[in-house]
Amino acid sequence: MIFKGKDTDKTELIAYIFDHYQEGLVQFAGHFLQDTKRAEDVVQEVVIKVWQKENVVFEEEPALRAYLYRSVRNACINDLNKLDTLRYTIDIIHQEIQEEKKPLLFDEKVITEIQERINGLPAQTQRVVKGVFMEGKRYQQVADELGISINTVKTLLRTGVKSLRNDFEGREDIFYSNLLFLACYALT
């Protein structure tokens, strides 16, 4: 355990966290997220962040406990905000389609065509578009995975969607409804 004045390594700390806190942290996260799998993922991400911290020292056991539960709570709130943002984006797309009074058309061929067009984008743009739309990841998560800034993620996403929209010129209703389907699928 890494407490002030006691010298041990982080491996012991991580093992201690898993042995003494994992189950409770997953249950705690589950109350926020209402999804055990997502709760487990959030707890794992928090533990990884503890592992990655340079100087992890806790005054005593209650400090570790408070830190873990506060971190899990914040991670759950961030996760819920991410879902709310994606749902908001999907609602905007859906509203634009409804305002055009055109029916939502989910077409397997068009979805396949969208996926093929995404695969034809430049590599970095492709990874960003797939990460955000097809995997439901946050901008920060995509940025971290690719080693780029959030602003670069936003720029690449904007460029990618513009390119896709141009590919479907004259068929925007089909494009948006099927992109909506892909984004909704990422939420499940």
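These legends accompany close-up views of a predicted model.

**Conventions.** Local features need pLDDT of at least 70 and side-chain atom pairs count only at pLDDT 80 or more, while totals for chains, interfaces and linings use all residues. Residues are numbered from 1 along each chain as its sequence is written, and side-chain values use heavy atoms, with hydrogens and water left out.

**View 1. Helix α6 against helix α8.** Helix α6 covers residues 123-134 and helix α8 residues 150-167. Helices are DSSP runs (H or I, at least four residues), numbered from the N terminus. The two axes come within 9 Å and cross at roughly 90 degrees. Axes are lines fitted to C-alpha atoms over the stretch in contact, with angles from 0 to 180 degrees between N-to-C directions. α6 and α8 are therefore roughly perpendicular (65 to 115 degrees). From α6, Q124, T125, V128, V129, V132 and F133 meet V153, L156, L157, G160, V161 and L164 of α8. Contact means heavy atoms within 4.5 Å. By class, this contact has nine nonpolar, three polar and no charged residues. Nonpolar covers Ala, Val, Leu, Ile, Met, Phe, Trp, Tyr, Cys and Pro; charged covers Asp, Glu, Lys and Arg; the others, Gly among them, are polar.

**View 2. T125 in helix α6.** T125 sits in α6. Its relative accessibility is 5%, so T125 counts as buried (under 20% relative accessible area; exposed is over 50%, partly exposed in between; 1.4 Å probe, protein chains only). Beyond four places in sequence, T125 contacts L156 and G160.

**View 3. The aromatic cluster.** F28, F32 and Y69 form one aromatic cluster. The structure holds three aromatic pairs (ring centres within 6.5 Å, taking the six-membered ring of Trp). F28 and Y69 pair edge-to-face, at 5.1 Å centre to centre and 75 degrees between the planes (edge-to-face means over 60 degrees). F28 lies in helix α2 (residues 22-33) and Y69 in helix α4 (residues 61-99), so the pair ties together parts 41 residues apart in sequence. F28 is partly exposed, at 25% relative accessibility.

**View 4. D79 in helix α4.** D79 belongs to α4. D79 is buried, with a relative accessible area of 11%. Not counting residues up to four places away in sequence, D79 touches L33, R38, V42 and R138.

**View 5. Residues 1-7 and model confidence.** pLDDT, the predictor's confidence in each residue from 0 to 100, stays under 50 over residues 1-7. For this stretch the model has 22 contacts beyond four places in sequence. Where pLDDT is low, the predicted coordinates should not be read in detail. The chain has a mean pLDDT of 76, and 70% of its residues reach 70 or more.

Methods. Helix = DSSP H or I, 4+ residues; strand = E, 2+ residues; numbered from the N terminus. Parallel < 35°, antiparallel > 145°, perpendicular 65-115°, else oblique. Phe/Tyr/Trp six-rings, centres within 6.5 Å; stacked < 30°, edge-to-face > 60°.
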